[in-house]
Amino acid sequence: MTRILVTGGAGYIGSTAVYQLLERGYEVNVFDDLSTGHRESIDNRAQFFEGNLLNQSEIEAALVGCAGVMHFAGKSLVGESVQKPEMYFENNVGGSQNLLDAMKVVGVKRIVFSSSAATYGSPEVSPITEIVPAHPTNPYGETKAKVDEMLSARALGDGFASISLRYFNVAGALKTSAGWLAEKHQPETHLIPNVLKSSAQNPLKIFGTDWPTPDGTCVRDYIHVVDLIEAHILAFEWLNDPGHEIVNLGSGSGYSVREIISFASKVLGVEVPFEEDERRAGDPATLIAAIEKAGRVLGWKPQRDLEEMIRDAHLALNQ
Ligand code: UDP
């Protein structure tokens, strides 16, 4: 049996990973401080260690018996990172450094890291390949780029086998035997959940309609959370020799905010009320992934389309 430590295993993406790992026959330790995650999202087959990444000895205790780590824990909101950069650097960079130090102490060498398309900033090229240099436009992206660098340095220095998976926009939900695992952020800032919650009293706000894109709204590349975790499991199984790779995870296609609204209206059969608002600080105009490397290195391709993401997120919200 292979045991994996999942940091952030009470969060949206982490809890989905926990469930998929358990279904594949892995054993799982979950490490989470429950600051944004939910106790009830943790599968009861996993062993839960409530702890904080700022406390190295708590991480060491959770690592005992593990063959590797999937590291999801971290602060993940672009807008909040602009307001509170110090919180992002402390948790995301400091917390990851403690995790790597704890791994070194316990002798665990394999790590799959949740990196982000936010590391790229607003590159000229589209779709974005992994060789595009990191030029983040917000503190959130800066912290993810720093951890990617740290992993690269420590692959050489400490012999870690690591992979940074650069997520584009994760959406959708996972149906488990105990119900749906889905986004439950408080407050919710992500587009698709906000589209699904939009009402005449509380219409969705479109953040900016004057972006340099075909319809003036931001373009993003959406990926189903179940496909995303499939890639993590392939990545974990692929890790072996010391080194560090960066691999994008997305669909390879972009949709504007307006396109998401009209697509959701069609899938759900209802109008989505919206109003136009100012740009949100830190947002780049367009982010679309080149996903050839994920295919080449991991043998991965997304299987679920935008319709499935919207439908699953909707079913989860109304369960
Ligand atoms: N967005 C929006 N209204 C919302 C939430 C998001 O117009 O209520 C836009 C946001 O400005 C961005 C895109 O939708 O261009 C995706 O944002 P999200 O927060 O879902 O993900 P991000 O790209 O920031 O990781």
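Visitor: Let's start with Ser164: which strand is Ser164 found in?
Guide: Keep in mind that we're looking at a predicted model. Follow the chain to Ser164 and you land in strand β6.

Visitor: And is Ser164 buried or exposed?
Guide: The cut-off for buried is under 20% relative accessible area. Ser164 has a relative accessible area of 0%, so Ser164 is buried.

Visitor: Which residue's side chain is joined to that of Ser164 by a polar contact?
Guide: Leaving out residues up to four places away in sequence, Ser164 touches Phe113, Ser115, Asp148, Leu151, His244, Glu245, Ile246 and Val247. One of these makes a side-chain polar contact of 2.7 Å with Ser164, and that partner is Asp148.

Visitor: How far apart are the C-alpha atoms of Ser164 and Asn29?
Guide: Along the chain, Ser164 and Asn29 are 135 residues apart.

Visitor: Over to Thr119: which residue's backbone oxygen lies 2.7 Å from a polar atom of its side chain?
Guide: Thr119 is in the loop between β5 and α5, and it counts as buried because its relative accessibility is 0%. Beyond four places in sequence, Thr119 touches residues including His135, Lys144, Asp148 and Arg166. The backbone oxygen at 2.7 Å from its side chain belongs to Ser116.

Visitor: Which element gives the largest share of the largest nonpolar core?
Guide: That core has 41 residues, and Ile13, Leu165 and Leu249 touch the most other members. Elements that give two or more residues to it are β1, α1, β2, β6, α7, β13 and α9. The largest share, eight residues, comes from α7.

Visitor: Which tryptophan is in contact with Leu249?
Guide: Leu249 is one of the core members that touch the most others. Setting aside neighbours within four places in sequence, its contacts include Leu165, Phe168, Ile223, Leu228 and Ala294. Also on that list is Trp300.

Visitor: What about Val112, is it buried or exposed?
Guide: Val112 has its place in strand β5. Not counting residues up to four places away, it touches Val69, Met70, His71, Ile163, Leu165, His232, Ala235, Phe236 and Leu239. Its relative accessible area is 1%, so Val112 is buried.

Visitor: How far is Val112 from Ala178, C-alpha to C-alpha?
Guide: In sequence, Val112 and Ala178 are 66 residues apart. The C-alpha to C-alpha separation in space is 27 Å.

Visitor: What is the phi of Leu34?
Guide: Most residues other than glycine have a negative phi. Leu34 is in the loop between β2 and β3, and at 23% relative accessibility it counts as partly exposed. Leu34 isn't a glycine, yet its phi is positive, at about 60°.

Visitor: On to the ligand: which element gives the largest share of the shell around it?
Guide: The shell divides into seven nonpolar, four polar and four charged residues. Of the 15 residues around the ligand, Leu191, Lys205, Arg220, Arg280 and Asp283 come nearest. The largest share, four residues, comes from β10.

Visitor: Which residue has a side-chain N or O atom 2.5 Å from an oxygen atom of the ligand?
Guide: Backbone atoms take part too: a polar one of Thr189 is 3.4 Å from a ligand oxygen, and an N or O of Phe207 lies 2.9 Å from one. The side chain with an N or O at 2.5 Å belongs to Asp283.

Visitor: How much of the ligand's exposed area does the protein bury?
Guide: Taken alone, the ligand exposes 520 Å². The share of that buried by the protein is 89%.

Definitions and conventions
Residues are numbered from 1 along each chain as its sequence is written. This is a predicted model: local features need pLDDT of at least 70, side-chain atom pairs count only at pLDDT 80 or more; totals for chains, interfaces and linings use all residues. Side-chain values use heavy atoms; hydrogens and water are left out. A residue is near a molecule or strand if one of its heavy atoms lies within 4 Å of it. A polar contact is a pair of N or O atoms within 3.5 Å; within protein, one must be able to donate a hydrogen and the other to accept it, and residues adjacent in sequence count only if both atoms are side-chain atoms. Accessible areas come from the Shrake-Rupley method with a 1.4 Å probe; for residues, only the protein chains shown count as cover. Ala, Val, Leu, Ile, Met, Phe, Trp, Tyr, Cys and Pro count as nonpolar, Asp, Glu, Lys and Arg as charged, and the others, Gly among them, as polar. A nonpolar core is a set of buried Ala, Val, Leu, Ile, Met, Phe, Trp, Tyr and Cys residues joined through side-chain atoms within 4.5 Å. Buried means under 20% relative accessible area, exposed over 50%, partly exposed in between (1.4 Å probe, protein chains only). Contact means heavy atoms within 4.5 Å.
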